[in-house]
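Here are my notes from going through this one. Have the viewer open while you read; the points are grouped by topic.

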Amino acid sequence: MAFLFNNSAISSYFGSHTQKNQESLSRRAFHVEPQPREKALLAEDPALKRFKSHKKSVWRLKRVGDVLTIVVVAGCCYEIYVRAVMREEARKKAGESA
């Protein structure tokens, strides 16, 4: 096993591999202009325009969903509170009568 680690060919292979990875990472740091095909793919397509959601209506729908969620959670909390109070009153009455 020690023979494999001492072998200069294997160590040079691993060394060149890490050097290639570092070169590719350093090249990615620079800004590269998109090619014409990439620009065409990123361009707005008029045929798909009717399928896009309108930001204002989506915002309103999210707001309505948030309000409904708060109302439902508040209703559940109130219901739990009412049942707990009624149970406590029932225990008091049962304790007084006994």
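**Notes on the model**

1. Let's start with Glu-79, which is partly exposed at a relative accessible area of 40%. Keep in mind throughout that we're looking at a predicted model. Glu-79 pairs up with Arg-83 in a salt bridge, and the closest N and O atoms are 3.5 Å apart. That falls inside the 4 Å limit for calling a salt bridge. Arg-83, for its part, counts as exposed, with 56% relative accessibility.

2. Why can these two side chains reach each other along the chain? Glu-79 and Arg-83 are four residues apart in helix 4, so about one helical turn separates them.

3. On the overall fold, the protein chain has four helices and zero strands. Reading along the sequence gives α-α-α-α. Helix 4 covers residues 55-97.

4. How much of the chain is buried? Buried residues account for 0% of the 98 residues. To count as buried, a residue would need under 20% relative accessible area. The chain exposes about 10,000 Å², and 63% of that comes from carbon and sulfur atoms.

5. Now the cysteines, Cys-76 and Cys-77. How many disulfides are there? The count is zero. For Cys-76, the closest cysteine sulfur is the one in Cys-77, and at 6.9 Å it is too far away for a bond. Looking from Cys-77, the closest cysteine sulfur belongs to Cys-76, again at 6.9 Å and too far. As a reminder, a disulfide is a covalent bond joining the sulfur atoms of two cysteines.

6. Neither cysteine is buried, by the way. Cys-76 is partly exposed at 45% relative accessibility, and Cys-77 is partly exposed too, at 49%.

7. Val-85 sits in helix 4.

8. Last, the rings. Searching the whole structure turns up zero aromatic pairs. There is a charge over a ring, though: the charged end of Lys-56 sits over the ring of Trp-59, at 5.1 Å from the ring centre. The distance limit for that kind of contact is 6 Å.

Methods: Residues are numbered from 1 along each chain as its sequence is written. This is a predicted model: local features need pLDDT of at least 70, side-chain atom pairs count only at pLDDT 80 or more; totals for chains, interfaces and linings use all residues. Side-chain values use heavy atoms; hydrogens and water are left out. Helices (H or I, at least four residues) and strands (E, at least two) are DSSP runs, numbered from the N terminus. Rings of Phe, Tyr and Trp (its six-membered ring) pair if their centres lie within 6.5 Å; planes under 30 degrees apart count as stacked, over 60 as edge-to-face and the rest as tilted. A charge sits over a ring if NZ of Lys or CZ of Arg is within 6 Å of the ring centre and within 35 degrees of the ring normal. Buried means under 20% relative accessible area, exposed over 50%, partly exposed in between (1.4 Å probe, protein chains only). Accessible areas come from the Shrake-Rupley method with a 1.4 Å probe; for residues, only the protein chains shown count as cover. A disulfide is a pair of cysteine sulfur atoms within 2.5 Å. A salt bridge is a side-chain nitrogen of Lys or Arg within 4 Å of a carboxyl oxygen of Asp or Glu.
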